[in-house]
Structure formats: C-alpha cells, structure tokens
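Subject: Structure handover

Hello,

Here is the structure we spoke about, passed on for you to look through. My notes on what was found come after it.

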Protein chains: 2
Amino acid sequence: MEVLTSKTELRDWLADRRSRPRVLVPTMGALHRGHTSLFDRAREEADALGGEVVATIFVNPVQFGPNEDFDAYPRPLEADLAQCREHGVDAVFVPVVADMYEGDRSITVTETRLSTTLCGASRPGHFDGVCTVVAKLFLLTQPDAAVFGEKDYQQLAVIRRMVRDLDFPVRILAGATVREEDGLALSSRNVYLTPEQRAQAPILQRTLAATAQGIAEGRFATPQAAREGFLEAFGEATLARLDYFEIVDAASLEAVEYFGKAELRLLAAAFFGKTRLIDNVGVGRVALG
Amino acid sequence: MEVLTSKTELRDWLADRRSRPRVLVPTMGALHRGHTSLFDRAREEADALGGEVVATIFVNPVQFGPNEDFDAYPRPLEADLAQCREHGVDAVFVPVVADMYEGDRSITVTETRLSTTLCGASRPGHFDGVCTVVAKLFLLTQPDAAVFGEKDYQQLAVIRRMVRDLDFPVRILAGATVREEDGLALSSRNVYLTPEQRAQAPILQRTLAATAQGIAEGRFATPQAAREGFLEAFGEATLARLDYFEIVDAASLEAVEYFGKAELRLLAAAFFGKTRLIDNVGVGRVALG
C-alpha cells in the first residue's frame, strides 16, 4: 500500500496510472468498522472495474465550526493505516492542512437547499466545507466512483447533489450503516457515552425503524401521525434530548407533507448528555400508496 | 467539426477519446476576432500536445444579473459555428440551458476575495456564476488546458484562483487582448457606440498604456500619483464617465499601496453613454524598483 503525504506525491503516483479505474473512499480517519465496510465496498467495485482503491485521511478544518472539535479530533494515523492495509486499500492520501488550503483561499463550493435543514441547521457552513474538500479530493484523485456511508445521510445527499449540479464524472456509491448487535450505529462518538446512556442509545435506531415500518404498513395516515408515533416511542429514552426528527424525500431532503410516491427517509439526532448521535432509516416502498 | 448539442452527445464523443489531450475555449458566442485569437492559441497548444480543440458556446444565465441583458444577448449560432470551423476547432459544445441546469440546482462555486472589486463591485454574483459554469465545463470536457482572454482580466484571475483552490488539473492559458488599429479593445459592445463615442473610446487604452509606461519608467513615485496621472489624462474623454481605475497586484487583484516587487495590472472601466467598456494593461517589470 502506498502512503502519499502530499499533492505532489499523489500526482506522481497517479501519473503512471491515469487511465486505470479508481474508487475513492474519503475519510477523516479514526477508522472503525463503519469505515472499513466502505473500504470493502470500494474493493469490490474496484475489482469489478479492474482498478484500484484510494482512501484519503484528512481532518478537514473547513467543515468544522468555530466551537467544534477540530483540534481534539482523534488522529490515530498508524492504526488507521493498518486498517486501510487490512481492507484492500491500494493507496492512502494523507495530506497536511497547509498542502490542501492556501492561506488566501477564496473559493468555496456552496450548497443552499439540502444543507439548511437537519444537521445543517445547527452547523452553518459545515456542508459547504464538506463539498469543498470532496470536490478537491475528486479533482486530485480523479476517481470513477466514490463510496460514502449512509450513516451521514445528509452528507451523502449533498454530495450526490454536488455531483449532479457540477457534472462530476464520478458515480456515488452508498455504504449501508454498520451497527452494534443492539442496533446502535457505529460512531467514533459512542465511546463518550456513560454505561446508562449507552444502554438507552439503541432506542434511537429502534424507534426510527419502528416508525418506518409503521409507515410501510400503512399504520400512520400522515407524516404528522408518524411523527407523533416516533415522539411517543422515543419518550422512553429518559436520558436523551431529541435534536430533530424528520420524514423527508430521500433525494431532496424536503420534509414531506403527505405520503405519496416519493422515496422516504427518516432521520433523527439526539443528545445523550453532551454526546450527539445521529441515525436514519429508509422506508420499504412495498406497502406504500 | 463535431457540433455537440447535449451533455449526452458530448460524453459519447469523449468516450472514445478519453486519453487524448484536449484544449478548451469556453465562450458565450457572438464571436469576433478576440475569440478566434483564443481558438488559434488553443489550436497551437493542442497541436503541441497532439490533441484536440473543444470550444463551448453557452450564454450562461447564472452569470447575468436580474437587470442585465441575458435575453437580448446575441446568439448568431451559424456564424459562430463557421468561425469555429475556420479556426481549427474540432468540436463545439452548444448545450441548452435546461440541459446545463436542473430547476432545483443548489450548488454554486463561490469566490469571495477577487470578485468583490473592479467589475465584481457592480455585478454581485457574476463571478460565482462564471466559476460555476466554468467548473461544469471543465468537468464535462476534461481538458488539459483552457484558454481565457486577458480582456476579461478579472475573470481570468478568478478562474486561475478556482483552479488553484479546487485543484483542477487544468492549465490556464491567457490570450492577449485583440485591438482595433487605434487601440480600442475588441468587444461585442463596441457596435453600440455612436461615431463620436467611438472616436473617443481609444483614450481608455491609451491612458492605461501611458500610465503603465509612466510607472515602468519611474515617473510616478506612488500608486496615488499614477492614479492622478491617469485621471488627468482620461479627462480628455469628454463623453466618458469613469466607472473605476485600479492599480492592483496581478494575481490577487488587491490594490497596491506602494510600488514594490509585485507584478502590476492596471484596470479601468468607463461608460460611453450607456455602453460600458473595460480594458487593462500590464506594467513592464524592467524599470521597476
């Protein structure tokens, strides 16, 4: 596995293999099974194309707010590289901030519709920072496809929108959320939970899944009824404070006002103490409409 | 010469020649000798690379302000295609607006430093629209190099900045401004000038050039003195109303406060009646500091 620590090294490495297919997995490191499942998905795709897997590890300052944890964000590089190696990554791009961003940088890729709700509502500028760094990583690594996790569903939708609106020649592949046995979505933040919080945390996924099933089975006539069902069931999580729950069009992320033919996604975020967890599920289309 | 009228046709055409070098010339059509000189420059570059020239003709609605002339902008397609043919263009991409922009588009490439002054001051959003469409055209045509005219110097600087900040793998080539015999820069707008205005219009270029020469020869101790020199000389143009005159760093477009080692550019815009003309010149570095 090649470890490329600068844009120059990356470009030199790419120069010999410009025409080889490539599948990209952008990460911020601190890798867990959620990430390695994306590497596995990328490996599968790359093998089908006869190509290579490129991962990137870059804690992107531009997507962190002023009061967020950019400095404290974990950077266990050796362990991360070992995980890349074990999961079939061919090259890892690990640039430093000064190589990625000039001091007088003045170009940003902005998104103005999908970014304003859900997690974006409390993180102004976050998805612009994500779009900007992903655009740069696409342009630097020139992939045929790139894999993003469904765990960050809003991010996935924003990236798909960027690819559509800017005509990036990159196929976006979604990796399913990896969960603990009790349903809790894997997250670097789960370690911050107290044992009591950890015991309650799976309610987030359970309630999302139950609500989605209720919609699919026609037990909720309206999004409003489904919302009330969710809130009542989530009330069991006595240690949680709900940040948001939304039933949205899976592509536009717009809240739906009635159940029609749109593919739906249910998303929620909740605080357990200071730890904010997010999760989301789809709705089976079979029983709808 | 291929005429490609949709993204699908363009992608099909490119599919066979993905690895061939390409030089792009983006235009809004209504082509004159200023544009064809860019085609010639692109042809030269493409020949050196053993590649092809792709031109685009697209009147980009996103870079026009609400009170600007998007609808009235001339679209002499047949004449434009003839000029492309005569100047060695291999393929012309001529998309319609609905193919380039989805109704719910929400991604914009924004520029926040170089765009705020000069022409950008009176055209909010203009350079964001330029960046967005040029990013799309780069991603659609995947060129090795692209040619932009120095006539629109601020646009050239903004595009260079976009390429730097987003890591586009595209070399930007500048085409020198093409002028009438009396020095007036070619522009589609020159036809709007009355005979009297047309007779005075070359003062813009003459005064810029004289000021640049004065700086190069050390006759102005400070940018402020050079500015006064420009304003005095430009006063001869009794039919003109100056919009701006600036002496800036050629790369950052920031106004300089003293003459140091920075490469300088002098830019001006002036109204002759309702017709707004722009021009710019460099300063020879020989005699400087």
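Which domains does the domain assignment of chain A give? The assignment gives domain 1 (2-175) and domain 2 (188-281); such bounds come from an automatic or database domain assignment.

Before the details, a word on conventions. This is a predicted model, in which local features need pLDDT of at least 70 and side-chain atom pairs count only at pLDDT 80 or more, while totals for chains, interfaces and linings use all residues. Residues are numbered from 1 along each chain as its sequence is written, and chains are lettered from A and ligands numbered from 1 in the order in which they are written.

Between the domains

The C-alpha centres of domain 1 and domain 2 of chain A are 27 Å apart. Contact between them involves 10 residues of domain 1 of chain A and 11 residues of domain 2 of chain A (two residues are in contact if their C-beta atoms, placed from the backbone, lie within 7 Å). On the domain 1 side, helix 5 (118-122) and helix 7 of chain A each supply at least two residues. Helices (H or I, at least four residues) and strands (E, at least two) are DSSP runs, numbered from the N terminus. Helix 7 of chain A gives the largest share of that side, three residues. By type, the domain 1 side has seven nonpolar residues, three polar and no charged (Ala, Val, Leu, Ile, Met, Phe, Trp, Tyr, Cys and Pro count as nonpolar, Asp, Glu, Lys and Arg as charged, and the others, Gly among them, as polar).

Between the chains

Here 27 residues of chain A are in contact with 26 residues of chain B. Strand 5 (107-111), helix 6 (126-141) and helix 7 (153-166) of chain A are the elements giving two or more residues to the chain A side. That side divides into 11 nonpolar, six polar and 10 charged residues. Strand 5 of chain A also pairs with strand 5 (residues 107-111) of chain B, antiparallel, over five bridges (strands pair if DSSP finds at least two bridges between them). Within this pairing, Thr108(A) has Thr110(B) as its bridge partner.

A sheet in chain A

Three strands of chain A form an open sheet in the order 8-9-10, with antiparallel pairing. Eight bridges join strand 9 (residues 264-272) to strand 10 of chain A, where Ala268(A) stands opposite Asp279(A).

Regards
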